[in-house]
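Student: Hi, could you walk me through this structure? I'd like to start with how its parts touch each other.
Tutor: Happy to. Here it is.

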Amino acid sequence: MRPFATFEERLSDWTTNAMKSVFGLEDAEVNLGVAPTNNEKFGDYQCNAAMTLTKLLKKAPRQIAQEFVDAAELPEFVEKIEIAGPGFINFHLSNAALAEYIQSLENDPSLGTARVGEGKTVVIDYSGPNVAKPMHIGHIRSTVIGNAIDRLYRFLGYDVIADNHLGDWGTQFGLMMIGYREFRDEEALKTAPVEELERVYVASYNKSKDDVSWRESAKAELVKLQQGDPENRALWEQFIELSIKEFDVIYDRLGVKFDLYRGESFYNDRLPKIIERLEAKGLAKESEGALIVDLEEYGMPICIVRKSDGGYNYATTDLATVEARVEEFAPERVIYVTDERQQLHFKQFFKTSELLGLNANLVHVWFGLMRLPEATFSTREGNVIKLAALLDEAEARALEMVESSSPDMPEEQQKDLAKAIGIGAIKYTDLSQNPQSLVTFTWEKALNMEGNSAPYLQYAYARISSVHDKYRAQYPDTDLNECSLNIEHEIERRLAIKLSRFPAAVRAAAENYRPNIMADYLYDLAQIYSSFYQNVPFLKAPEGERESRIRLCRSTAATLKQGLELLGIETRERI
RNA sequence: GCUCUGGUAGCUCAGCUGGAUAGAGCAACGGACUUCUAAUCCGUAGGUCACAGGUUCGAAUCCUGUCCAGAGCGCCA
């Protein structure tokens with residue numbers, strides 16, 4: 001159970017109520033709560049209400065602050081209150097309250113985080129690679145960011161349904177079918193099936209460019225597939241099976257698990273009905289032979305829901321998917337994680353969904369496209385880097401480091417460690433920056449293992465584990481839970497304050513769909529810990545102080561481990 | 001042309017729902033391994049937060065315009 005509300009929550013409640021009663025503000029729509037200070041010398045939390053209330057109360061900010069301080073009775077966890085600058089009200093928490101809070105977290109698996117999602121379902125749609133194409137480095141962001149959001153929401157108590165909306169339907173399958181029959185290499189199909197399928201597709205596509213009859217037969221095969229021709233259907237199913245099998249290898253390496261693999265094709269049967277609903281609502285109309293939804297009055301271009309050849313497209317499938325998800329899961333929200341190019345599409349389809357009355361809270365989380373330093377990469381340019389190759393390289397580089405720094409470690413353990421470090425480094429690179437910024441891929445950056453990187457965090461964790469184990473070996477009979485946790489040294493205080501802010505980091509990361517908030521938090525925490533580690537003794541400290549510090553270390557380890565887990569990054573006790 | 005993003009230290013990036021002196025990492029320079037794991041720590045140096053206006057007690061953060069870069073804009077997904 002969560003033992004306490006966080007200090008920020010308690011203090012905000014307190015200042016809000018106290019402000020209201022001191023100044024008789026009942027329904028004032030101003031923020032009267034507190035925020036963390038950005039500099040320790042200003043205390044731990046600050047309230048800026050005195051400045052914002054100047055107009056309303058027609059008094060000088062410092063006067064407001066002074067009146068407030070004079071009238072209010074401090075909560076017991078606040079040691080000191082000060083007025084500073086133009087009218088900031090700064091709060092210093094008492095060390096005793098801080099110590100008590102940290103101790104209470106030791107029995108709380110959620111580390112003080114409120115389970116705000118309890119009883120709510122959220123569908124997260126991410127990764128979504130295309131069948132018959134190998135995953136390349138462009139797929140890593142949706143997968144890794146989507147998975148972190150998935151983990152964050154689960155941690156908040158939401159019932160998460162992670163759905164991998166595979167691109168398993170579309171015009172490319174006509175070319176695939178005939179290409180497969182003509183160009184396939186059985187040997188290659190056995191060793192690297194999806195790569196071979198892609199090669200087949202590219203060959204078929206190239207041939208279609210100046211071969212009319214090839215194009216015609218591709219179209220005919222597609223129609224056969226769509227009409228349920230058993231032979232084409234079986235082939236198509238085989239493509240999907242092979243692809244999923246290979247994707248799963250990657251997902252397994254990345255520690256990503258989906259609850260559902262429902263490709264676009266899953267919703268095929270619903271498409272005609274969606275069109276009917278659109279027509280019944282008077283939303284769809286004919287234009288140049290196609291059926292469209294006119295979104296001009298919402299400032300958007302038209303949205304095609306049925307092509308002039310009678311086929312359906314992306315928007316239609318997405319509407320049907322929402323309809324199905326609402327019926328089956330009644331989600332509180334549906335989160336889509338894709339790259340930036342699809343922003344307009346999602347805006348259009350969200351609006352159409354709303355007009356249609358599908359009654360779903362839809363969120364598009366988009367991230368910047370990954371580029372190479374020279375150019376955008378693309379299959380046609382032939383400059384793609386396969387995801388599997390990236391992961392291999394990461395593990396290989398990590399293994400080199402492990403071998404040189406821990407030559408005595410058994411080989412199996414070295415490999416296991418290299419996997420955790422290599423994959424962690426890759427993930428962290430993506431998760432530690434704002435998803436919406438442009439990303440230029442460089443090996444150096446992707447595999448960074450120093451400074452602000454996953455290995456830095458993993459290293460901090462391993463050092464704590466090591467200290468803790470040494471403590472246990474030296475003092476096997478001491479029950480740490482019987483020893484008091486005291487906060488005395490300044491660095492201990494900084495660490496404790498940081499630990500107490502874990503729940504805020506989780507909430508902010510989840511609510512803003514920004515795992516980098518969590519990554520930032522963990523990096524800060526690890527930095528404070530590293531400084532702590534380097535500057536004060538633990539095992540050599542006098543009794544009492546020693547036990548207290550070990551307990552603080554233990555809490556730090558628990559927080560680091562949990563936080564990294566929320567990012568999908570593994571920890572090891574030894575590095 | 002229209003729409004959406006971004007522009008912060010030499011490089012890569014945080015910070016952006018307005019708060020006090022703009023932060024990290026890398027690179028550079030100087031220090032710390034007989035001591036709990038140096039993948040670390042301590043320090044020095046590095047900035048017109050693209051530019052110009054505006055809003056306000058207060059702007060890197062909000063608004064407008066300009067410049068630069070990326071993406072999207074009817075039958076791909």
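Tutor: A term to start with: a salt bridge here is a side-chain nitrogen of Lys or Arg within 4 Å of a carboxyl oxygen of Asp or Glu. Keep in mind, too, that this is a predicted model.

Student: Thanks. How many salt bridges does the rule find across the interface of domain 1 and domain 2?
Tutor: Two salt bridges cross that interface. In one salt bridge, the side chain of Arg494 meets that of Glu40, at 3.5 Å from N to O.

Student: Let me back up. Where do the two domains of chain A run?
Tutor: Domain 1 covers 7–93 and domain 2 covers 394–566. In their contact, 10 residues come from domain 1 and eight residues from domain 2.

Student: How far apart are the C-alpha centres of domain 1 and domain 2?
Tutor: Those centres are 34 Å apart.

Student: What area do domain 1 and domain 2 bury between them?
Tutor: The size of an interface is often given as the accessible area lost when the parts come together. For domain 1 and domain 2 that comes to about 570 Å², with 34% of it on carbon and sulfur atoms. On the domain 1 side, Glu40, Asp44 and Tyr45 account for 56% of the area buried against domain 2, more than any other three residues.

Student: New topic: helix H19. Is it largely enclosed or left open by the rest of the structure?
Tutor: Largely enclosed, because nine of the 11 residues of H19 (residues 490–500) are buried. Among them are Ile491, Leu495, Ala496, Ile497 and Leu499. Charged side chains are on the list as well, including Glu492, Arg493 and Lys498.

Student: Back to salt bridges. How many turn up in the whole structure?
Tutor: A search of the whole structure gives 39 salt bridges. One of them pairs Glu82 with Lys80, their closest N and O atoms being 3.7 Å apart. Glu82 is partly exposed at 30% relative accessible area, and Lys80 is partly exposed at 36%.

Student: What about Arg333, buried or exposed?
Tutor: Arg333 counts as buried, at 15% relative accessibility; the cut-off for buried is under 20%. Its side chain meets that of Glu332 in a salt bridge, 2.9 Å from N to O. Glu332 is partly exposed, with a relative accessible area of 29%.

Student: And which residue does Arg572 form a salt bridge with?
Tutor: Arg572 pairs with Asp416, and their closest N and O atoms are 2.6 Å apart. Arg572 sits in the segment after helix H22 (545–566) and Asp416 in helix H16 (residues 411–431), so the pair ties together parts that are 156 residues apart in sequence. Asp416 is partly exposed, at 33% relative accessibility.

Notes
Residues numbered from 1 in each chain as written. Chains lettered and ligands numbered in written order. Predicted model: local features only at pLDDT ≥ 70, side-chain atom pairs only at ≥ 80, totals over all residues. Heavy atoms only, no water. Domains from an automatic or database assignment. Contact = heavy atoms within 4.5 Å. Buried area = accessible area lost by both parts, 1.4 Å probe. Buried < 20%, exposed > 50% of the residue type's maximum accessible area, 1.4 Å probe, protein only. Helix = DSSP H or I, 4+ residues; strand = E, 2+ residues; numbered from the N terminus.
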